[in-house]
Amino acid sequence: MQTAPAYTAVAARHTLQRPDPTPASAKPQKVSWSPDVRLYVQRAFEPDNAIPGIDLPMMQEKLKVVITQAAETGQLGGIDWSTYPLPQDLIKAERDQAAIYGVQNAILANINAPVRLPNEAAYPPGSATKKRKNGDVDMSDLEPREITPPWKKKDTKGALEDRITGKNKNKSKKEKKAEASRAYDLGASAEVLERRRQRFGFMTPEPSPFLSSRDDSPEAVPTGPLVGTCQKLEKSYFRLTAPPAPDTVRPLPVLEKALHHIRSKWRKEHNYNYACDQLKSLRQDLTVQHVQNELTVKVYEAHARIALEMKDLGEYNQCQTQLRALYKSNLGGQPEEFTAYRILYIIYTCNRADMNNVLADLTTADKQMPGVQHALKVRSALASGNYHKFFRLYNDTPFMGGYLLDMIIQRERIAAMASICRAYKPDVSLHFLAQELAFNDNASDDASDQDAGPRQCLDFLCQHGGEPFVERKDGGDVRFATGKAVALFEGAKAAAFRGIDIKGQI
Amino acid sequence: MSDQLDSLWADFATAHNEEDGYLLATTISPEPPKHDPARLYNWQRWTNAYSVQTDLRYKLQYNPVLKLDKQEASTWLEVFTAHYAFTGKLLAAEEAQNAGKSREADWSAVYEAWKEVLNALHRGYSRTDFAAWTIPCLYVVGKYLRVFAIKADANAASQRDSSVAFGELQEEEDPYGAASKNEKLEDAARQINRIFALCLSDRSETVLSRKWALYYTANLLFKTYFKLTSISLSKNILRSLAAAGTDIPPISQFPKAHQVTFKYYSGVLSFLEEDYAAAEGHLTEAYALCLSSAQRNIELVLMYLVPTMMLTRHRLPSRQMLSQSPVLEGLFLPITTAIRAADLHAFNAALEKEEEEFVKRRIYLTLERGRDIILRNLFRKVFLAGGFEAPKDGEPGPGARRTRIPVKEFAAALQMAGAEVGDGEGGVDVDEVECLIANSIYKNFMKGYIARDRGIVVLGKTNTFPGTGI
């Protein structure tokens with residue numbers, strides 16, 4: 001598309017900065033350069049004119065953009081190149097504006113919540129670490145092309161979680177490969193940018209993507225993702241409604257320290273509200289800076305574990321979703337542990353379709369992992385109704401799977417009771433029930449309290465209306481009249497399996 | 001030159017005069033008919049893009065043999081113009097393909113061009129220029145839309161991969177670019193949906209209605225959605241058809257081919273939703289209607305029918321049924337043999353061997369339930385092996401079977417069959433055995449109860465194992 005639609009010809013009006021001639025949709029064209037332009041270029045390159053903090057590649061890119069736009073709009077002859085601000089000056093002015101100027105091109109929904117920005121295809125995960133070199137404010141102009149409108153998300157098929165995580169994790173890997181010989185076409189991005197802006201009908205003064213690759217690596221990163229400058233260790237979580245200012249976002253090293261801090265505080269105080277809040281804000285900082293590395297994995301794993309312990313399934317599910325995508329990028333972490341959790345979680349939510357998908361995704365290597373094997377055995381036992389095996393496995397759950405199983409154990413106990421009532425007549429001993437339904441082993445630490453298990457079992461039975469069927473025989477033996485309690489537990493079972501609620505947080 | 005194209009126009013005219021929809025469809029098909037293999041080339045060479053309109057108009061409107069009214073003729077003009085452009089692209093792509101430069105074959109362009117043909121046809125129908133007997137054209141257009149979409153997607157995918165290898169700029173970077181690796185297919189789905197809506201909304205009386213294309217289009221949509229794994233969208237189709245209710249003629253009046261495919265997909269959809277009763281109904285009907293020579297279709301239907309029947313009726317396919325196809329035999333024979341022999345070990349092995357295939361088809365979890373049947377057969381054997389009790393006084397013949405069976409006997413049987421009932425120390429975990437028995441009773445495979453204190457299972461005297469005649 002070569003034509004510049006009329007409504008984009010209006011210059012930006014939002015900042016004090018002198019706008020570029022036009023925010024043009026440009027592709028570099030072959031144009032003959034007038035001597036004025038050449039002089040301008042020369043001046044730009046003169047070492048005297050260099051501004052500290054702006055290095056050569058950046059300036060070059062900026063220069064390219066300036067000239068291209070001028071060429072696009074046919075203003076090559078019109079601009080007075082001798083007085084036109086040099087690229088470095090433009091960059092500097094931009095930066096100064098960065099703090100004040102909130103770029104309005106973000107698709108806000110994409111930045112809200114610690115959800116991975118979909119389609120920030122334009123840069124590799126490692127770039128964030130490279131940005132550490134410069135402490136000062138990098139561009140605030142979040143490269144718009146990274147933020148796509150929700151309807152332009154690439155892979156909208158498949159499970160909801162895929163939509164949330166975005167499929168570009170693999171892309172970023174391909175990116176790294178492509179970088180080496182990639183000749184970044186600035187013009188194309190400007191053009192794309194232009195089209196997007198047109199869709200939303202607003203203008204920005206600087207149409208160009210801000211090239212902030214300070215390093216000389218061949219990766220001509222087309223964009224400068226946000227790099228934070230905040231040094232605070234603790235930060236509360238607030239839902240973002242606009243691109244964040246860099247001084248509220250913590251850079252990587254600070255985030256690492258923050259994670260450590262949160263973890264030790266959790267161990268000491270076990271304050272879930274605090275930990276959850278801090279971790280969400282950590283996740284948010286990682287997301288807006290487009291960081292996807294081992295730290296990200298660690299953060300999500302930490303949050304997932306904590307959420308699991310506190311039975312916050314909504315948060316847990318969010319983290320689990322992200323982790324699934326992150327593991328695909330082979331960033332390390334504990335995939336065995338979390339694959340096992342995932343299977344158990346799906347068992348909990350009775351989601352057959354997902355279970356099918358997970359089973360299809362399991363590799364042979366995965367199935368060798370003991371954690372995963374345990375989860376698969378649990379699934380198999382429950383699928384065939386083998387409650388006996390299930391309760392034995394329950395006692396032996398590796399990692400933190402026990403928390404997940406705790407959530408299904410209630411309904412599984414009821415199901416087991418339904419079976420037992422049908423099959424055993426006329427009654428069974430309470431002791432037997434307590435043992436079968438694994439009431440013994442999560443009893444108190446007091447080993448001498450032999451009756452803790454049976455007592456808990458009795459509580460459980462009475463909870464579901466089994467009181468009338470408990471018979472205390474002579475000799476201290478307590479029995480439960482299974483024959484008569486059939487209907488009771490059948491009803492309870494039906495009720496228990498009716499709906500699974502994860503508190504609305506998919 | 002136009003003589004070589006005569007067969008096309010002859011067919012077109014004949015089709016119109018005889019209202020032969022299928023013949024008409026062959027005139028716009030991307031594949032030349034058997035009696036005229038060079039048709040597409042001739043078509044392409046007959047005119048050029050500049051004069052295609054005039055030439056066509058001559059053929060369509062001023063043709064004495066053909067009696068089309070003006071509006072209809074002009075619509076056909078559009079169709080054929082689009083078709084002309086399409087043929088050009090198709091031939092180019094095919095040539096590139098044949099020349100071995102398959103990556104350069106621009107199937108995307110072919111797809112887009114074919115879409116134009118579809119659009120022209122769609123306009124024709126929505127303006128009710130075309131009579132209902134022409135709907136086989138819709139079949140053709142829909143069918144090939146899918147085909148081309150798949151080709152285009154495959155091509156795009158291979159291009160993407162190759163460009164990565166060369167370090168080129170990726171298509172995926174462009175946010176406006178290919179949205180997904182099934183972009184064209186998704187688009188095709190939308191287009192076919194348009195046709196579906198078009199057919200559904202036809203208000204003319206049944207005989208002249210476009211509704212006859214409904215099931216074919218629905219089938220196309222099912223195929224597309226399944227390929228895109230957006231199976232939930234298929235439910236919308238079912239819902240729309242159900243909602244149309246009596247407006248559509250009953251399915252039995254549609255061509256058998258449409259019926260079989262439709263019932264197959266309905267069956268699979270019910271299966272995936274675990275509505276096994278409905279699945280059984282649909283799939284059985286599909287199987288009944290299936291031509292015995294359509295081996296692939298039979299395979300597909302049985303692939304889901306076998307697990308369903310296993311679940312709903314606890315019945316296994318006979319050897320004869322499976323012998324219809326080597327694929328089916330390979331998949332199901334080991335399992336059914338294991339179940340009949342009540343050999344848990346073999347069952348597990350069989351399940352594991354074809355696990356990947358089963359999981360892919362989503363029938364793994366259902367087949368697992370075969371274990372229940374094995375256990376039932378096992379217990380039944382124990383019962384039968386228990387022998388008879390002495391006849392009661394005065395009663396003739398052999399007595400009743402022994403109904404009080406020690407749990408230990410069941411345990412022994414389970415051990416021999418390879419069930420995991422060990423207690424980790426070489427003995428048998430009696431509780432586990434009891435649990436398995438309890439489950440059998442609970443699921444109505446066995447009638448009786450466990451008297452734990454006495455360590456025996458008391459089985460019912462009659463119909464002890466429902467469904468098996470014992």
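These legends describe close-up views of a predicted model. Local features need pLDDT of at least 70, side-chain atom pairs count only at pLDDT 80 or more, and totals for chains, interfaces and linings use all residues. Residues are numbered from 1 along each chain as its sequence is written, chains are lettered from A and ligands numbered from 1 in the order in which they are written, and side-chain values use heavy atoms, without hydrogens and water.

**View 1. Chain B as a whole.** Chain B has 21 helices and 3 strands. Both are DSSP runs, numbered from the N terminus: helices are H or I with at least four residues, strands are E with at least two. Of its 470 residues, 52% count as buried. Buried means under 20% relative accessible area, exposed over 50%, and partly exposed in between, with a 1.4 Å probe and protein chains only. The accessible surface of chain B comes to about 21500 Å², and carbon and sulfur atoms hold 52% of that area. Areas come from the Shrake-Rupley method with a 1.4 Å probe; for residues, only the protein chains shown count as cover. Take the contacts in chain B between residues at least 6 apart in sequence: 62% of them join residues at least 24 apart. A contact means heavy atoms within 4.5 Å.

**View 2. Aromatic rings around F80(B).** The structure holds 33 aromatic pairs over all chains. Rings of Phe, Tyr and Trp (its six-membered ring) pair if their centres lie within 6.5 Å; planes under 30 degrees apart count as stacked, over 60 as edge-to-face and the rest as tilted. F12(B) and F80(B) make an edge-to-face pair, 5.3 Å centre to centre with 75 degrees between the planes. This pair links distant parts of the chain: F12(B) is in helix α1 (residues 6-18) and F80(B) in helix α5 (residues 70-98), 68 residues apart. Both residues, F12(B) and F80(B), are buried. W76(B) also pairs with F80(B): the ring centres are 5.8 Å apart and the planes are at 35 degrees, so this pair is tilted. W76(B) and F80(B) both lie in helix α5 of chain B, 4 residues apart, about one turn of the helix. An α-helix has 3.6 residues a turn, so residues three or four places apart point the same way. W76(B) is buried too.

View 3. Helix α9 spans residues 214-227 of chain B, 14 residues in total. From first C-alpha to last it reaches 20 Å, close to the 20 Å expected at 1.5 Å a residue. The expected span is 1.5 Å times one less than the number of residues. In α9(B), 11 of the 14 residues are buried, so the helix is largely enclosed by the rest of the structure. The buried residues include L214(B), Y216(B), N219(B), L221(B) and Y225(B). Just after α9(B), T229(B) takes a positive phi of about 50 degrees. One aromatic cluster includes Y215(B), F222(B) and F226(B), along with W212(B), F254(B) and Y304(B).

View 4. K263(B) is found in helix α11 (residues 256-272) of chain B. At 10% relative accessibility, K263(B) counts as buried. Leaving out residues up to four places away in sequence, K263(B) touches I251(B), H282(B), E285(B), A286(B) and L289(B).

**View 5. Charges over rings in chain A.** The charged end of K265(A) sits over the ring of Y274(A), 4.3 Å from its centre. R413(A) lies over the face of F439(A), at 3.8 Å from the ring centre. The criterion is NZ of Lys or CZ of Arg within 6 Å of the ring centre and within 35 degrees of the ring normal.

View 6. The structure holds 36 salt bridges over all chains. Each is a side-chain nitrogen of Lys or Arg within 4 Å of a carboxyl oxygen of Asp or Glu. K280(A) bridges to E315(A), with the closest N and O atoms 2.8 Å apart. The pair links distant parts of the chain: K280(A) is in helix α10 (residues 272-288) and E315(A) in helix α12 (residues 313-328), 35 residues apart. K280(A) counts as buried at 18% relative accessibility. E315(A) is buried at 4%.

View 7. K184(B) forms a salt bridge with E183(B), the closest N and O atoms being 3.7 Å apart. K184(B) is buried at 11% relative accessibility, whereas E183(B) is partly exposed at 29%. E409(B) and R402(B) meet in a salt bridge at 2.8 Å, N to O. E409(B) counts as partly exposed at 30%. Salt bridges that share partners join D427(A), E471(A), K473(A), R479(A), K484(A) and D453(B) into one network.
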